[in-house]
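Hi everyone, thanks for making the time. I'd like to walk you through one model this morning, so please have a look at the screen.

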Amino acid sequence: MRSSFLLALAPMTLLAACGGSETEATTDTATQDAGSEPAEQASSEEVATASATPDAATPDAATPDAAMQKVSTPEVAETAKPQAEAKATAAAPAAKMVSAAAAAPVAPPPSFMQCKVCHAVEPGKNGVGPTLSGIVGSKAGEVAGYNFSPALAKSGITWNRSTLDTWLAGPLKMVPGTKMVISQPDAAKRKEIIDYLETLK
């Protein structure tokens with residue numbers, strides 16, 4: 001009986017001499033397994049964070065709309081500039097046409113033909129009568145280079161629509177002693193002549 005007991009005790013004694021029991025070995029293995037899982041989880045989290053970090057650190061990649069705006073804004077500006085230049089180029093000829101039309105002399109009416117016998121319309125060009133350029137608004141007898149009658153030079157008349165109409169209807173009646181003897185009895189024709197004289201600036 002004693003020998004049987006010793007035989008049963010021998011394996012346990014051998015295990016104890018080797019450094020631990022079967023239970024301790026199992027516990028150590030379990031502890032190692034359990035300790036390795038958090039480490040693996042931590043590694044996975046670090047990889048995930050590291051892979052996400054570059055995207056967040058790159059503003060252009062994180063905000064594609066901002067990147068598109070940076071690219072598209074110069075294109076819009078470059079497109080708008082030629083369009084504005086084209087409009088300005090198209091407007092230039094129109095402005096020239098308007099200014100040319102304004103500068104073009106107005107054709108005299110047929111009723112002015114009797115006036116042209118004695119009067120020029122160019123500045124400084126006197127004939128039998130004084131030039132009619134700029135006559136509207138001026139005073140009688142003040143055209144440079146022309147020898148007026150003393151009666152007209154002393155009249156003090158300022159030429160406007162009313163005085164011109166009276167003058168054209170009867171110069172000798174308005175200023176006795178004047179050199180001008182031709183009149184225009186037709187009121188409509190006098191109006192045409194006065195309208196034309198107002199254009200001679």
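Let me begin with what surrounds the largest pocket. Sorted by class, its lining has 20 nonpolar residues, ten polar ones and three charged ones. Before I go further, please keep in mind that this is a predicted model.

How much space lies in that largest pocket? About 570 Å³. In total, 33 residues line the largest pocket, and those that lie nearest its centre are His119, Gly129, Pro130, Trp167 and Met180. The elements giving two or more residues to this lining are α5, at 113–116, α7, at 161–169, and α9, at 187–197. Of these, α7 gives the most, with three residues.

That brings me to α7 itself. Which of its residues are buried? They are Thr163, Leu164, Trp167 and Leu168. Looking down the axis of α7, you find these buried residues within an arc of 130°, so they line one face of the helix. As a reminder, an α-helix has 3.6 residues a turn, so residues three or four places apart point the same way. And what do the buried residues of α7 pack against? Their partners are α6, at 150–153, α8, at 171–174, and α9.

Now for a loop residue. Thr131 sits in the loop between α5 and α6. Is Thr131 buried or exposed? Its relative accessibility is 4%, and buried means under 20%, so Thr131 counts as buried. Its side chain reaches the backbone nitrogen of Ser133 at 3.2 Å. Leaving out residues up to four places away in sequence, Thr131 touches Ala120, Val121, Glu122, Pro123, Gly124, Lys125, Asn126 and Val143.

Finally, let's zoom out to the whole chain. There are nine helices and zero strands, so the pattern along the sequence reads α-α-α-α-α-α-α-α-α. The chain has 201 residues, and buried ones make up 18% of them. As for contacts between residues at least 6 apart in sequence, 38% join residues at least 24 apart.

That's my tour, and I'm happy to go back to any part of it.

Terms used. Residues are numbered from 1 along each chain as its sequence is written. This is a predicted model: local features need pLDDT of at least 70, side-chain atom pairs count only at pLDDT 80 or more; totals for chains, interfaces and linings use all residues. Side-chain values use heavy atoms; hydrogens and water are left out. On a 1 Å grid over the protein atoms alone, a cavity is a set of points where a 1.4 Å probe fits but cannot get out, and a pocket is an open set with protein on both sides within 12 Å along at least five of seven lines; lining residues have an atom within 4 Å of a point. Grid points are joined across faces, edges and corners, and a volume is the space filled by probe spheres set on the points. Helices (H or I, at least four residues) and strands (E, at least two) are DSSP runs, numbered from the N terminus. Ala, Val, Leu, Ile, Met, Phe, Trp, Tyr, Cys and Pro count as nonpolar, Asp, Glu, Lys and Arg as charged, and the others, Gly among them, as polar. Buried means under 20% relative accessible area, exposed over 50%, partly exposed in between (1.4 Å probe, protein chains only). The arc is that of the directions from the helix axis to the C-beta atoms. Contact means heavy atoms within 4.5 Å. A polar contact is a pair of N or O atoms within 3.5 Å; within protein, one must be able to donate a hydrogen and the other to accept it, and residues adjacent in sequence count only if both atoms are side-chain atoms.
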